[in-house]
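Keep the structure open as you read.

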Amino acid sequence: MFFLTNIFQDSVFAQIGALTCLYYMVKFSWNLLSGIRIYVLSKFWRIDLSYFGEWAVVTGATNGIGKAYAHELARRGLNIVLISRSLEKLNATAKEIEQQQGKKTKIVQADFTSGPDIYGPIEAALKDLNIGILVNNVGKTYDVLPCYFLNVPNVRKAITDIMNCNALSVPMMTSIVLPQMLERKKGVVINISSEAGSHPHPMLTMYAATKVFVNFFSRALNAEYKPQGIITQCVMPLVVSTNLTHDTEVNSFVKQADDYVREAVNTVGITELASGCLSHALQHFFVDNLFPEWFRLSQFGINMLHKMIEKRKPAVEKWRKKYKTN
Ligand SMILES: NC(=O)c1ccc[n+]([C@@H]2O[C@H](COP(=O)([O-])OP(=O)(O)OC[C@H]3O[C@@H](n4cnc5c(N)ncnc54)[C@H](OP(=O)(O)O)[C@@H]3O)[C@@H](O)[C@H]2O)c1
């Protein structure tokens, strides 16, 4: 009797073990195939973005990732509305796009840290344009390197600036553009979040929290309006070499903005949540699995982060001196 019970138990455990292995094998294979479809095949098998409308609107369009989206979408057949603070940079970028991509441009000067009052004039400027794509790209982090929440200089201003720029801008701009997309039953909203928004992120506490907002807003919006022809995609980059990252040196981990965006645009319509490029998708996979949340939030994890930031300080100081920023 004892012998029979043992065999029975063994076979139950063996079956549970086999089923668990099968579950992980199927999950891994599915993720691998999806990754290949999203980041490799999309280069050749992608949707025609000019189908969605004549114009694309890009916030924060005069530098880095936003500027790269403006160029890439123009290259793919759309006219571009550029929205940023500096009139000089807006004019220069608009001219560049018209000359290099042969598409029309329109510029709108706005400061997204200013709160809700800016959206009336933006709505008026976008009136009568057939807008197929909105890229909610504008974003800012602390004016200093990542640090403890209360060490952020002028912390209360930083809180409202970051909330207004990174969080408020996304639903506000969407509320301006979505009604006309719904009338035409087609449109794309691309929201630039960040890898920092996939977990709580000590030393970038405020920034990461606003990016979680972008992430959840995008995914829920996609569920609400996808049946009516509107695609919402949330893009979560790791490090891209731009002003925001003090022009960090490009290597196999850090992407150039143009290269990053070319890959990210290929994934529109294929995935609602994208790291944006193959290199960042692989990094996300490893970081997610090798550094669990309990580790990131531990004192040891924070100390490690702190050391990395200290190591980076001299290079950032040098960058600041070169570009005469604060
Ligand atoms: N770079 C990265 O590694 C990285 C990683 C993850 C996520 N992201 C996200 O990607 C987005 C773009 O980042 P980026 O690295 O390309 O930044 P960036 O190089 O600093 O460019 C920011 C753009 O936004 C405009 N801008 C900044 N503050 C503004 C404001 N208050 N009102 C209006 N326009 C403003 C800037 O032009 P003006 O100065 O003329 O206004 C510029 O065109 C952000 O949402 C960021 O959080 C970046």
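Q: Where is the place of Met 203?
A: Met 203 sits in the loop between β5 (187-192) and α6. Strands are DSSP runs of E with at least two residues, helices are runs of H or I with at least four, and both are numbered from the N terminus. This is a predicted model: local features need pLDDT of at least 70, side-chain atom pairs count only at pLDDT 80 or more, and totals for chains, interfaces and linings use all residues. Residues are numbered from 1 along each chain as its sequence is written, and side-chain values use heavy atoms, with hydrogens and water left out.

Q: Why does Met 203 count as buried?
A: Buried means under 20% relative accessible area, exposed means over 50%, and partly exposed lies in between (1.4 Å probe, protein chains only). Met 203 has 3% relative accessibility, so it counts as buried.

Q: What is the phi of Met 203?
A: Phi is positive, about 75 degrees, although Met 203 is not a glycine. Most residues other than glycine have a negative phi.

Q: Which residue with a positive phi follows α4?
A: Asp 128 does, with phi near 75 degrees. Asp 128 is not a glycine either. Its place is the loop between α4 and β4.

Q: Is Asp 128 buried or exposed?
A: Its relative accessible area is 72%, so Asp 128 is exposed.

Q: Which residues of α4 are buried?
A: In helix α4 (residues 119-126) they are Tyr 119, Ile 122 and Leu 126.

Q: Why are these residues said to be on the same side of α4?
A: They cover an arc of only 60 degrees around the axis, so they lie on the same side. The arc is taken from the directions from the helix axis to the C-beta atoms. On the other side of α4, Pro 121 and Ala 124 are exposed.

Q: What makes Ala 70 buried?
A: Its relative accessible area is 0%, so Ala 70 is buried. This residue is found in helix α2.

Q: Which residues is Ala 70 in contact with, leaving aside neighbours within four places in sequence?
A: They are Val 58, Ile 80, Leu 82 and Ile 97. Contact means heavy atoms within 4.5 Å.

Q: Which residues around the ligand come nearest?
A: Of the 30 residues around the ligand, these are Thr 62, Asn 137, Tyr 207, Val 240 and Thr 242. A residue counts as near if one of its heavy atoms lies within 4 Å of the molecule. Helices α2 (64-75) and α6 (205-225) each supply at least two residues of this shell.

Q: How much of the ligand does the protein bury?
A: Taken alone, the ligand exposes 870 Å², and the protein buries 94% of that. Accessible areas come from the Shrake-Rupley method with a 1.4 Å probe.
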